Amino acid sequence: MTFKVAWKDARLEGLSQTWVPVPSHLLWLPPFKFGKTVISAKEARSSGNTEADSNAGTTSDGDTSTVSTWLSPDGQVSHSMTFDLRVQCPVDLRLFPADTQECVVELQAYEGTVFELSVTAESASPLSTDLTSVQSQYVLTGTLIKASMQGQDVPCDYFIQTCSTIDDAEPCAAMRYCNIRDSQCKECTEYIGDCQPVPTNCSVPSVSSPRSYSSLEVRLHLRRRLSYYIFRFYIPTTIGVVVSWMAFWIHHSDLSPRVFMGTVTSLVMIKQRASMTQMPYVSYARAMDVWYLGCLVFVVLATLEFPAVHVMERNKEKKNKAKDCQEPVMKIPRARQIGAEVPVLPPPGPATPACTFKKPAVLDSVAQILFPTAFGIFFVTYWTVLLVN
């Protein structure tokens with residue numbers, strides 16, 4: 001992150017004929033300090049990075065290799081600082097993996113320094129973002145920049161602006177190694193977005209008290225990319241649930257195929273749970289946990305449906321035997337007299353088709369309709385709630 005500040009020092013007027021670089025340790029520099037969310041800051045150097053304390057700040061005794069300072073003929077000083085920051089952002093994972101997060105970076109100035117931010121015709125916002133360098137599982141959807149005076153009885157927010165970057169976040173992320181001379185590439189590396197001012201409760205203070213300090217706050221709004229989790233988690237679990245329904249079309253008397261089908265789908269769901277992304281332990285259920293639990297319930301119920309069908313049909317066969325499947329009773333007419341010929345009956349014919357056809361169980365027929373319908377309702381409800389929220 002690069003911070004660029006400028007101020008005018010009347011004592012430096014007329015020292016140069018044009019903009020000239022000046023060693024920073026020769027000039028007065030405003031004392032800066034990062035907020036509590038910044039864990040550590042690495043100052044960008046030409047010969048490498050050195051880690052600095054996030055609360056140490058930058059003073060007039062800073063190292064010349066960490067800053068770039070220029071002086072104009074009228075005494076204006078332009079000073080820039082570049083840091084690689086490690087920021088601690090509180091996260092809410094209830095909607096994971098369709099969650100949105102917010103990271104706050106705060107820069108504080110002391111000793112009477114006041115951040116004055118302005119919007120000009122050339123620049124619609126004092127904050128620009130290099131969208132080509134955002135290479136993570138998040139997409140930068142927007143920013144908020146706020147300048148305020150803290151330490152007073154009533155905090156004074158004298159500049160607030162929000163910018164939306166959702167329209168060009170994905171296209172710019174694919175241009176990481178683009179040519180900076182290209183107009184589209186340059187726009188993505190210095191992207192501002194659609195910015196709107198927010199009404200404030202006070203104006204820019206002209207002076208500050210010793211107890212107060214100026215604060216520059218940048219909020220980054222991030223949205224997690226969902227495509228990775230759809231292909232890695234949601235599609236495999238959905239396929240596992242659908243495959244478990246295939247057992248309903250296998251006759252209940254075929255024990256081995258149905259037991260195999262239920263066992264395999266259950267093991268697939270357990271394996272899928274083990275391959276889920278490791279996340280911080282939280283005391284609430286995430287959206288991914290709700291989906292996995294729902295799919296696991298459907299798979300377990302489909303597996304338990306077979307024992308229920310098997311027991312019901314076995315008891316039914318014991319009580320009610322099909323009449324068409326019974327062998328016909330052979331009745332031999334009584335001989336009226338000794339020596340009479342006994343008629344020979346023809347042998348019984350082949351079994352009727354009603355005896356050879358395996359009629360599906362009633363519970364299987366019901367499950368063939370009930371399970372897909374219930375899962376369809378769960379699917380639509382889950383994604384509607386997840387995407388709307």
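This is a predicted model: local features need pLDDT of at least 70, side-chain atom pairs count only at pLDDT 80 or more; totals for chains, interfaces and linings use all residues.
## The largest cavity

By class, the residues that line the largest cavity are six nonpolar, no polar and one charged. Which residues form the lining of the largest cavity? They are Leu131, Val134, Val139, Leu140, Ala169, Ala173 and Arg225. Arg225 is the charged residue in this list, because Arg is one of the residue types that count as charged.

The volume of the largest cavity is about 30 Å³. A search of the whole structure finds one cavity of 30 Å³ or more. Two elements each give two or more residues to its lining, namely strand 9 (138–150) and helix 1 (169–173).

## The chain as a whole

How many helices and strands does the chain have? There are seven helices and 12 strands. The chain has 389 residues, of which 36% are buried. Among contacts with a separation of 6 or more, 77% are between residues 24 or more positions apart.

## Confidence in the model

The chain has a mean pLDDT of 81, and 82% of its residues reach 70 or more. Where is confidence lowest, and where is it highest? The lowest value belongs to strand 5 (residues 48–53), with a mean of 44, and the highest to helix 7 (residues 362–388), at 93.

In the stretch of residues 56–66, the pLDDT is below 50. Beyond near neighbours in sequence, residues 56–66 have 28 contacts in the model. The pLDDT is also below 50 over residues 353–357. That stretch has three contacts in the model beyond near neighbours in sequence.

Ser215 is part of strand 12 (residues 213–224). Is Ser215 buried or exposed? Its relative accessible area is 1%, so Ser215 is buried, as the cut-off for buried is under 20%. The Ser215 side chain makes a polar contact of 2.6 Å with the side chain of Glu106. Not counting residues up to four places away in sequence, Ser215 touches Glu106, Leu107, Phe115, Lys146, Ala147, Ser148 and Gln150.

One of the residues touched by Ser215 is Lys146, which lies in strand 9. Lys146 has a relative accessible area of 17% and is therefore buried. With neighbours within four places in sequence left aside, Lys146 is in contact with Asp157, Phe159, Ile160, Ser215, Leu216 and Glu217. Lys146 and Leu117 are 29 residues apart along the chain, and 9.1 Å separates their C-alpha atoms.

## Pro372 in helix 7

Pro372 is found in helix 7, the helix where confidence is highest in the chain. Why is Pro372 classed as partly exposed? The reason is that its relative accessible area is 28%, and partly exposed covers values between the 20% limit for buried and the 50% limit for exposed.

Apart from neighbours within four places in sequence, Pro372 is in contact with Trp245 and Ala367. Pro372 and Phe298 are 74 residues apart in sequence, and their C-alpha atoms are 9.7 Å apart in space.

## Two loops

Asp9 is located in the loop between strand 1 (2–8) and strand 2 (20–21). Asp9 counts as buried because its relative accessibility is 12%, and buried means under 20%. Which residue has a side chain joined to that of Asp9 by a polar contact? The partner is Arg11, and the contact is 2.8 Å.

Another loop, between strand 7 (76–87) and strand 8 (100–109), holds Pro97. Most peptide bonds are trans. The bond that joins Phe96 and Pro97 is a cis peptide bond, with omega about 10°.

How values were computed. Residues are numbered from 1 along each chain as its sequence is written. Side-chain values use heavy atoms; hydrogens and water are left out. pLDDT is the predictor's confidence in each residue, from 0 to 100. Helices (H or I, at least four residues) and strands (E, at least two) are DSSP runs, numbered from the N terminus. Contact means heavy atoms within 4.5 Å. On a 1 Å grid over the protein atoms alone, a cavity is a set of points where a 1.4 Å probe fits but cannot get out, and a pocket is an open set with protein on both sides within 12 Å along at least five of seven lines; lining residues have an atom within 4 Å of a point. Grid points are joined across faces, edges and corners, and a volume is the space filled by probe spheres set on the points. Buried means under 20% relative accessible area, exposed over 50%, partly exposed in between (1.4 Å probe, protein chains only). A polar contact is a pair of N or O atoms within 3.5 Å; within protein, one must be able to donate a hydrogen and the other to accept it, and residues adjacent in sequence count only if both atoms are side-chain atoms.
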